[in-house]
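Hi everyone, thanks for coming.

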Amino acid sequence: MADKKGNVSSSRKHTLKSCMLAVAKDLLEAEALEKVKEREIYMDDNCPPLEIPHSKDDLVDLCTKMYNKINVIDEERYNLEYKAIMVCNEVSNTLN
């Protein structure tokens with residue numbers, strides 16, 4: 001009697017599963033490396049190396065500039081968070 005089409009032996013299933021897992025592992029590792037590279041590129045482009053000034057006045061100026069940049073970034077983050085919450089609420093309202 002001939003086997004039905006689609007029946008796969010357990011050893012073949014195991015081989016296919018291990019091959020799929022190996023490919024998935026390679027893809028995850030490649031994705032992780034790509035993320036690290038993207039992060040390094042972003043940091044190089046947007047975060048210049050910090051040069052600590054030697055005088056107190058220059059140090060105060062640096063701290064003020066950094067404080068102002070932090071405030072701008074926090075404001076942008078809050079705006080994006082608010083927009084995301086609004087979109088989530090809108091979607092949940094349309095589903096209900």
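So, α2 gives the most to the lining of the largest pocket, six residues; helices here are DSSP runs of H or I, at least four residues, numbered from the N terminus. Before I go on: this is a predicted model, where local features need pLDDT of at least 70 and side-chain atom pairs pLDDT 80 or more, while totals for chains, interfaces and linings use all residues. Numbering runs from 1 along each chain as its sequence is written, and side-chain values use heavy atoms, with hydrogens and water left out.

Back to the pocket. A pocket is an open set of points on a 1 Å grid over the protein atoms alone, where a 1.4 Å probe fits, with protein on both sides within 12 Å along at least five of seven lines; lining residues have an atom within 4 Å of a point. The volume is about 460 Å³, meaning the space filled by probe spheres set on points joined across faces, edges and corners.

Which residues line it? They are Y42, N46, C47, P48, P49, L50, L62, K65, M66, K69, I70 and I73. The elements giving two or more of them are α1 (10–46) and α2 (56–95).

Now the domains, with bounds from an automatic or database assignment: domain 1 is 8–49 and domain 2 is 51–95. Each of them supplies at least three residues to that lining, and their C-alpha centres are 32 Å apart.
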